[in-house]
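Please open the model in your viewer and keep the selection panel at hand. The tour below goes from one selection to the next and says what is found at each stop.

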Amino acid sequence: TSKTTLSQFCSTVDTLWGSDRVLRSLQYGLKALACSPELGEETRVLSATFSSAFSQARYVNRIYGIFDGTEGLLYDVPKGPVVERTCKLLVHGIGGVGYHILENTALIIMIIRRCDPNKIPAVREWLIRNGLWDRADDLDALAQWCWLVEALGKLVLAWRKYSELSRDLKQSRERGDGAEEERVLSERALVVLDMVKLVTDLYGAVHFGSMVNNRPGVCNPRLVGILGLIGSMAQFVVRYRKQA
């Protein structure tokens, strides 16, 4: 019913990751518009400004990522296949802890840079002495390579899960278990959506990771926006379905 659908949608966006998928969809959708020469200049400028604002808003959603990564390292690295253990170490260690240390440091520097430098001379001098005053964007770009490693690790884990579910599906069909077959098909569809998002992440990570020393990204920016929107919507559907 419409009431159930609305309730499920609200319960999804009320979660940290659900709301982040909405902001991410807006960020990348507007980025695609900002890079569309068919549109007028005013529309493109507004789209770029709002896209940047939504991107910065998402920093706050990810500020607890270091703790998530640490928890994953402590409790989510199983005793099992070497491939699975290695992927989870990369996902939680580099993608969780490493990525968020770099990104959170960049965020702190960005906030400090909004102050009048004449009113924070000691902090400014310390940042300059350590070569950090104007390096927020470079730290953020470096974080994107951690994102790339995380996406690759998660993609391997998702493919292993997809293969496992495919075997389960075959067995349920052989047994004639219709209910189990339906459950496995539904779960496998969510894994496919996760994989779609992860593949789009690879393209975005390479693009943003190359933006060091004020260089432009190496990939087509409009395509980055389109793929980011597709990946965001795919994972929102996953979050939405899991709230049922």
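What follows is a walk through side-chain features of a predicted model.

Next, turn to the aromatic side chains, for which the count comes to 3 pairs. Select tryptophan 159 and tyrosine 162, whose ring centres are 5.4 Å apart and whose planes meet at 15°, so the pair is stacked. Both residues lie in helix α7 (residues 136-175), where they are 3 residues apart, about one turn of the helix. Tryptophan 159 is partly exposed at 49% relative accessibility, and tyrosine 162 is likewise partly exposed, with a value of 22%.

Show tyrosine 59 with arginine 62, which lies over the face of the ring at 5.4 Å from its centre; then show tryptophan 133, where the charged end of arginine 124 sits over the ring, 5.4 Å from the centre.

Stay in helix α7 and select lysine 161 and glutamate 164, which are 3 residues apart there, about one turn of the helix. They form a salt bridge in which the closest N and O atoms are 3.9 Å apart, one of 15 salt bridges in the structure. Another can be displayed in helix α6 (residues 121-129), where glutamate 125 and arginine 129 are separated by about one helical turn and bring their closest N and O atoms to 2.4 Å; glutamate 125 is partly exposed, at 41%.

For a buried example, select lysine 197 and aspartate 201, both of which are buried. Their salt bridge has its closest N and O atoms 2.7 Å apart, and the two residues are 4 residues apart in helix α8, residues 178-209.

Finish with the cysteines: how many disulfides does a search of the whole structure find? The search finds 0. The sulfur of cysteine 146 is 16 Å from the closest cysteine sulfur, that of cysteine 87, which is too far for a bond, and cysteine 146 is buried, with a relative accessible area of 13%. Cysteine 219 is in no disulfide either, its nearest cysteine sulfur being that of cysteine 35, 12 Å away, and at 15% relative accessibility cysteine 219 also counts as buried.

Definitions and conventions: Residues are numbered from 1 along each chain as its sequence is written. This is a predicted model: local features need pLDDT of at least 70, side-chain atom pairs count only at pLDDT 80 or more; totals for chains, interfaces and linings use all residues. Side-chain values use heavy atoms; hydrogens and water are left out. Rings of Phe, Tyr and Trp (its six-membered ring) pair if their centres lie within 6.5 Å; planes under 30 degrees apart count as stacked, over 60 as edge-to-face and the rest as tilted. Buried means under 20% relative accessible area, exposed over 50%, partly exposed in between (1.4 Å probe, protein chains only). A charge sits over a ring if NZ of Lys or CZ of Arg is within 6 Å of the ring centre and within 35 degrees of the ring normal. A disulfide is a pair of cysteine sulfur atoms within 2.5 Å. A salt bridge is a side-chain nitrogen of Lys or Arg within 4 Å of a carboxyl oxygen of Asp or Glu.
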